Amino acid sequence: MKIYLDFDGTLFNTDKFYQDYLKLLQEYNIDELTINNIRPKLFKSSLFNLDILTNYLVKEYNLDNNILARVNNLYNSSYVFKDVIPFLEKYNNLEINLLTYGDYNYQLKKIEGSNLKKYFKNIIITDKDKSKLNLDYQTNLFIDNNPSEIKKFLKVSNHVIRIRREEDKYSKLDSNSREYKSLLDVNL
């Protein structure tokens, strides 16, 4: 059995990462409402990229270039949930793969900043439906936090686990799957 782990919200606290980004922008007098108005114009699809947004803000709002270095400093391992490394080390005898949806460059930058790359046999960054890739869904385990992703996985696999973290934006939504609050609660 191979394990396919999601990144955002499962391994990496992307909500906190983004909130810290918004706090940083406040120092430059750019508020969340402004960002919420800009995002749909910049990102027609759901493939968001923080660096594209930041570069746009630097040009549009004539910001000092030191914001770029400050944003780059956000890409670090402090956003990795505390249960992640113990889980990855516990199951290092299994093939662990990362399966994440999003903009390739943005996802890769977060993954590299997280210092988790060494734990994965393969890193799959896709802009396609994660439940419709060329993977063996019947014999492998899929772990994710997003209820809509979980529902898609359940259509193609019986081996699906949801990590339902209290601080996650999806925590109030149900998914009809096996759920755990921590990766450390998962026993394979």
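The axes of helix α2 (residues 32-42) and helix α3 (residues 50-60) come within 11 Å and cross at roughly 110 degrees. Axes here are lines fitted to C-alpha atoms, for helices over the stretch in contact, and angles run from 0 to 180 degrees between N-to-C directions. The helices α2 and α3 are therefore roughly perpendicular to each other, a term that covers 65 to 115 degrees. The crossing of α2 past α3 is right-handed, meaning that the near helix is turned clockwise from the far one by less than a right angle. On the α2 side the contact is made by I35, I38 and L42, and on the α3 side by I52, L53, Y56 and L57; contact means heavy atoms within 4.5 Å.

The model is predicted: local features need pLDDT of at least 70, side-chain atom pairs count only at pLDDT 80 or more, and totals for chains, interfaces and linings use all residues. Residues are numbered from 1 along each chain as its sequence is written, and side-chain values use heavy atoms, with hydrogens and water left out. Helices (H or I, at least four residues) and strands (E, at least two) are DSSP runs, numbered from the N terminus.

We turn next to the sheet. Six strands form an open sheet in the order β3-β2-β1-β4-β5-β6, with parallel pairing; two strands pair if DSSP finds at least two bridges between them. Because β3 and β6 (178-180) stand at the edges with a single partner strand each, one side of each is left without a neighbour in the sheet. Neighbouring strands are turned by 25 degrees against each other on average, direction ignored.

Strand β2 (residues 95-101) is largely enclosed by the rest of the structure, because five of its seven residues are buried, that is, under 20% relative accessible area with a 1.4 Å probe and protein chains only. Four bridges join β2 to the parallel strand β1 (residues 2-5), and L98 in β2 is the bridge partner of L5. Five bridges join β2 to strand β3 (residues 122-126), also in parallel, with N97 opposite N122 in β3. From β2 the chain crosses through helix α6 (residues 104-114) to β3, in a right-handed β-α-β crossover: with the strands pointing away from the viewer, the path from the first strand over the helix to the second runs clockwise.

Strands β4 (residues 141-144) and β5 (residues 160-163) pair in parallel over three bridges, and F142 has V160 in β5 as its bridge partner. Helix α6 packs on the sheet, touching β2 and β3, and its direction makes about 145 degrees with that of β3. Helix α7 (residues 147-156) also packs on the sheet, touching β2, β4 and β5, and its direction makes about 170 degrees with that of β5.

Conventions. Buried means under 20% relative accessible area, exposed over 50%, partly exposed in between (1.4 Å probe, protein chains only). Angles under 35 degrees count as roughly parallel, over 145 as roughly antiparallel, 65 to 115 as roughly perpendicular and the rest as oblique.
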